[in-house]
Amino acid sequence: MMRTPSPKVDKTFFEQMKDSHIGRTLSYCYQCGTCSSSCPVAEEMDIKPHQIVELIKMGLKDPILQSKAIWQCSTCYMCTERCPQGVQLTSVILSLRDIAMREGVPIPGAVKESCKNLYDTGRLLTLSQFQKERRAKLQLPDMPQIDTSLTKELANKTRVADILKVK
Amino acid sequence: MKYGYYPGCYVQTRMLQYDLSARGVLGKLGIEIVEISDAPCCGPAVIKSVDQYMASGLSAHILALTKKLGLNAIVTLCPECFSSFTKINTSFKDDVKFAEEVNHMLASTAGLQYEGGVEVKHLLQVLYDRSDDLSENIVRKFNRLKAAVHPGCHFTRSSTSYYPDDPENPKMLDQLVENLGIESVYWPLKLWCCGAPTLSFDRDLSLKLAAKKLSSAKASGAECIVTACPYCQMQFDQNQSIIEKRLEEKFEVPTVLFTQLIGLGLGLSPEEVGLDMNRVSPDTILKFMK
């Protein structure tokens, strides 16, 4: 029988996560599973919410970062709301996405697209000519163009610029 | 009190009926608003996934802009924007180091800093606070129309240190529509997510979630769904026919924004609340109107 190689253990991963205000809350988890039983998408996830917490503690970084689960999270905050220990799991998952991107794990195209819109126009979504005319017809105020120097500067100071490779 | 009016990117570009009906309702009640439409994106979950500081920088910048306009409160239509701003107000209080870092970044880019002090409200709260005023101005009611009320996750669970409503048993939106003679039905999946946030990451999963919610609403006897979020509205209304095709099952549940119902109640016409822009025909709802 072929043995599957064991995933690499990164002992510093949990320590790194605990560095933030949000990540610190992971320490309080006692694996009751309330998060997974409250999660509307847990049954579809390859790693369940309570398992994500345990894998972080075990330093199993790669399986988490490569999981579908961190992108399947609907960010509904039900786990965070119901956690008896105050673990901020939804926010932890959002920061796992950030780490995954930093480590070069392929990211959904939609993320890049949102970043591009934000960088180019200052908004997440832009107005098509049709929608522009429709707003006018409905006598809704015109959407002014945004001065994008702020969003561009912010982007340059953060990871958005790396994703768009504009730095 | 004057509010800074921040409809958000999605409402302004894709959900014009929300912008239209919200302005109509605010106008009818004489609630004064100041446009802050030239402000950038609020820094929603998709940006938080990339960089927390980018997202927080945007949210804090908008609150700082609001303050600069001499306003002490901002009203949002989108729960996602509501949650972005609420998180800034709470995290700036809970985590001083984080607030300093974000402000340092803002000072060097926009020359602005956010010191707190802008009250963040979803339109739902603003109208709820004016319930008496609202009741007095109702000219038409919906005669016992049964509705599955869906306030939206990012409104009810926007932050763990600030709750606009009971997170396990939200009632504000229910009470608002009950004032219009509508009956809010019990539906088991009321608190569940509509699936919209995963739409661009895992389409199947997202539509499956919406389908579960639609089934739950229908099985509970609801004749319509009432939303307070442009994304939930998109999921239940615009995507309903896609879901029906995929599952080969008919739902035919009209979905309306709460501002459309309230607007109708206040005497606005179906066109004035943009009802013609809803995909699933809301005609059955109009039949209940008296």
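Biologist: What separation do you find between the centres of domain 1 of chain A and domain 2 of chain A?

Modeller: This is a predicted model, and in it the two centres, taken over C-alpha atoms, are separated by 30 Å. The domain assignment of chain A sets domain 1 at 13–102 and domain 2 at 109–164.

Biologist: How do you know which residues of chain A are in contact with chain B, and how many are there?

Modeller: Two residues are in contact if their C-beta atoms, placed from the backbone, lie within 7 Å, and by that criterion 49 residues of chain A are in contact with 47 residues of chain B. Several helices of chain A each supply at least two residues to this side, including H7 (89–102) and H8 (109–121), while H10(A) gives the most, with six residues. By class, the side of chain A that touches chain B divides into 27 nonpolar, twelve polar and ten charged residues.

Biologist: Turning to chain B, what separates its domains, and which helix gives the largest share of the side of domain 1 that touches domain 2?

Modeller: Chain B is divided into domain 1 (3–123) and domain 2 (124–286), and 23 Å separate their centres, taken over C-alpha atoms. In the contact between them, 31 residues of domain 1 of chain B meet 35 residues of domain 2 of chain B. The largest share of the domain 1 side, nine residues, comes from H2(B), and that side as a whole has 18 nonpolar, seven polar and six charged residues.

Biologist: Why is H11(B) called roughly perpendicular to H13(B)?

Modeller: Helix H11 (residues 203–219) of chain B and helix H13 (residues 240–247) of chain B pack at an angle of about 95 degrees, with their axes 10 Å apart. Angles from 65 to 115 degrees count as roughly perpendicular, and H11(B) is therefore described as roughly perpendicular to H13(B). Among the residues making the contact are Leu207(B) and Leu214(B) of H11(B), and Ile243(B) and Arg246(B) of H13(B); by class, the contact has seven nonpolar, one polar and one charged residues.

Biologist: Which residues have the most contacts inside the largest nonpolar core?

Modeller: They are Ala147(B), Val177(B), Val226(B) and Phe258(B), in a core of 143 residues, to which helix H4 (residues 52–68) of chain B gives the most, with nine residues. Leaving aside neighbours within four places in sequence, Val177(B) is in contact with Ala147(B), Val226(B) and Phe258(B), among others including Ile182(B) and Leu261(B).

Technical notes. Residues are numbered from 1 along each chain as its sequence is written. Chains are lettered from A and ligands numbered from 1 in the order in which they are written. This is a predicted model: local features need pLDDT of at least 70, side-chain atom pairs count only at pLDDT 80 or more; totals for chains, interfaces and linings use all residues. Axes are lines fitted to C-alpha atoms, for helices over the stretch in contact, and angles run from 0 to 180 degrees between N-to-C directions. Helices (H or I, at least four residues) and strands (E, at least two) are DSSP runs, numbered from the N terminus. Angles under 35 degrees count as roughly parallel, over 145 as roughly antiparallel, 65 to 115 as roughly perpendicular and the rest as oblique. Ala, Val, Leu, Ile, Met, Phe, Trp, Tyr, Cys and Pro count as nonpolar, Asp, Glu, Lys and Arg as charged, and the others, Gly among them, as polar. Domain bounds come from an automatic or database domain assignment. A nonpolar core is a set of buried Ala, Val, Leu, Ile, Met, Phe, Trp, Tyr and Cys residues joined through C-beta atoms within 7 Å. A residue is buried if 20 or more other C-beta atoms lie within 10 Å of its own, exposed if 12 or fewer, and partly exposed in between; C-beta atoms are placed from the backbone.
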